[in-house]
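Welcome, and please take a moment to look over the model shown here. The report below walks through it step by step.

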Amino acid sequence: MSDTWTNRLSEYVDGDLPERDRATLEAHLPTCAECRATLDELRRVVARAQTLDDRSPTADLWPAIARHVGVVSLDARRARRRLSFTVPQLAAAAVVLALLSGASAWLLLRRPDAGPPSQSTTTPTPILTNAGTYEANPRYAAAVANLERVLAQGRGRLDTATVRVIAKNLGIIDRAIRDAQSALAADPANSYLNLHLAQEMRRKLELLRQAAALAGAQT
Amino acid sequence: MELTTPGVATLRRDLDQTARDAETADVALAASGDGRAFERLYQTHVARIYSLARRMTGEDHADDLTQDVFVRAWTKLATFRAEAAFGTWLHRLAVNVILARRTTLGTERGRYDDSEGALDGVSSRPHAPELSLDFEEAIGRLPDGARQVFVLHDIEGYRHEEIADLLGIVPGTSKSQLHHARMALRRHLE
């Protein structure tokens with residue numbers, strides 16, 4: 001094809017042709033069947049490109065990724081005995097953990113001569129970030145606010161007993177967070193307290209996420 | 001939080017918003033080191049990232065690149081700012097990872113030929129049904145430059161100025177490559 005306009009047809013399709021050239025081409029098109037046919041094909045190519053389906057890899061890539069980033073892989077979890085919990089059960093577990101953590105923090109602070117626990121007695125949790133940074137993260141605040149809003153909107157779809165359990169347990173976690181924050185204000189360098197605060201904040205987010213998902217799933 | 005205050009029980013369910021909220025929560029959790037939250041993000045986005053990698057570089061390298069993208073995303077989560085959607089951020093990261101690898105891949109495959117003549121192999125194939133390529137396969141047979149411009153522009157929605165910036169070419173070259181790619185592909189419309 002040697003038409004002088006052929007190489008400009010894609011620009012025309014994309015609306016990138018300067019106004020003057022566009023007018024000239026539009027005057028040319030009614031007189032040139034070849035350009036009209038090519039233009040139609042180019043438009044179909046563009047339309048086809050926008051309807052291509054994405055597809056997942058044939059192999060599951062997550063286990064390799066999980067190994068690289070140091071988290072438990074799907075395969076490893078599948079190999080374990082599967083357990084399922086209801087939201088109230090998870091909430092209850094969260095509360096027990098919160099109470100245990102809070103009690104530990106209280107005991108630690110109650111002893112005037114007690115310093116931060118040594119590394120040898122602390123379970124290493126390298127994946128947690130510093131609690132101060134975590135708390136200051138606006139995405140954490142935004143995520144909590146969003147989930148609280150979803151939960152507030154969906155609470156009418158939840159059983160009142162479930163709502164009561166969730167509210168009660170969130171209250172306990174909030175108290176644990178406040179206690180940890182107060183303790184940290186007195187001892188900001190205490191690594192255990194930083195870790196404890198981060199764990200409580202993550203626990204709150206996880207509980208909210210599950211509760212919001214439950215609220216959204218009810219019909 | 002006002003869980004005990006009577007709320008609006010008749011609000012319509014907004015699945016999209018709920019999904020966005022859940023993703024926002026997962027991003028925050030993953031940024032704090034939660035592997036399960038990151039796995040949920042992976043499951044949501046893997047098809048799009050893998051398809052991008054496959055179309056940009058071919059089937060042989062797509063698995064590797066997809067893994068690289070998600071490993072890189074994990075290490076860079078702290079730099080994600082919520083001004084953009086997570087999917088947009090991840091996609092941009094993926095394009096950068098893929099393009100950073102393209103020179104090596106082009107050399108390995110010996111097919112870094114962006115001349116117009118290189119398009120002939122795609123555009124002049126016979127039309128017999130048994131020999132025809134499907135559209136995806138035809139994209140994969142384009143020369144690297146034309147294929148990358150076509151994928152970024154027509155499939156992924158990048159503008160020529162952005163593509164020129166990403167590929168280190170001028171916008172005019174991007175337009176020209178796109179046109180040649182489309183001209184070649186029109187023969188493979190189903």
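Predicted model: local features only at pLDDT ≥ 70, side-chain atom pairs only at ≥ 80, totals over all residues.

Residues are numbered from 1 along each chain as its sequence is written, and chains are lettered from A and ligands numbered from 1 in the order in which they are written.

**The two chains**

Helices (H or I, at least four residues) and strands (E, at least two) are DSSP runs, numbered from the N terminus. A residue is buried if 20 or more other C-beta atoms lie within 10 Å of its own, exposed if 12 or fewer, and partly exposed in between, with C-beta atoms placed from the backbone.

Two residues are in contact if their C-beta atoms lie within 7 Å. In chain A, 75% of the contacts between residues at least 6 apart in sequence join residues at least 24 apart. For chain B, residues 24 or more positions apart account for 63% of the contacts with a separation of 6 or more.

**Where the chains touch**

Chain A brings 55 residues to the contact and chain B brings 49 residues. Helix 8 of chain A gives the most to the side of chain A that touches chain B, with 10 residues. That side holds 33 nonpolar, 9 polar and 13 charged residues. Here Ala, Val, Leu, Ile, Met, Phe, Trp, Tyr, Cys and Pro count as nonpolar, Asp, Glu, Lys and Arg as charged, and the others, Gly among them, as polar.

One helix pair spans the two chains: helix 4 of chain A and helix 3 (residues 59-76) of chain B pack at an angle of about 35 degrees, with their axes 10 Å apart. Axes are lines fitted to C-alpha atoms, for helices over the stretch in contact, and angles run from 0 to 180 degrees between N-to-C directions. From helix 4 of chain A come A:A64, A:I65, A:H68 and A:V69, which meet B:Q67, B:F70, B:V71 and B:W74 of helix 3 of chain B. By class, this contact has 6 nonpolar, 2 polar and no charged residues.

**A pair within chain B**

Helix 7 (residues 144-155) and helix 8 (residues 160-167) of chain B pack at an angle of about 140 degrees, and their axes are 10 Å apart. That makes helix 7 of chain B oblique to helix 8 of chain B, as angles under 35 degrees count as roughly parallel, over 145 as roughly antiparallel, 65 to 115 as roughly perpendicular and the rest as oblique. In this pair, B:Q148, B:V149, B:L152 and B:H153 of helix 7 meet B:H160, B:I163 and B:L167 of helix 8.

**The core**

A nonpolar core is a set of buried Ala, Val, Leu, Ile, Met, Phe, Trp, Tyr and Cys residues joined through C-beta atoms within 7 Å. The largest one has 79 residues, and those touching the most other members include B:F150 and B:A181. Helix 10 of chain A supplies the largest share of this core, 11 residues.

Which residue in helix 10 of chain A can we visit? A:L197 lies there. A:L197 counts as buried because it has 27 C-beta neighbours inside 10 Å.
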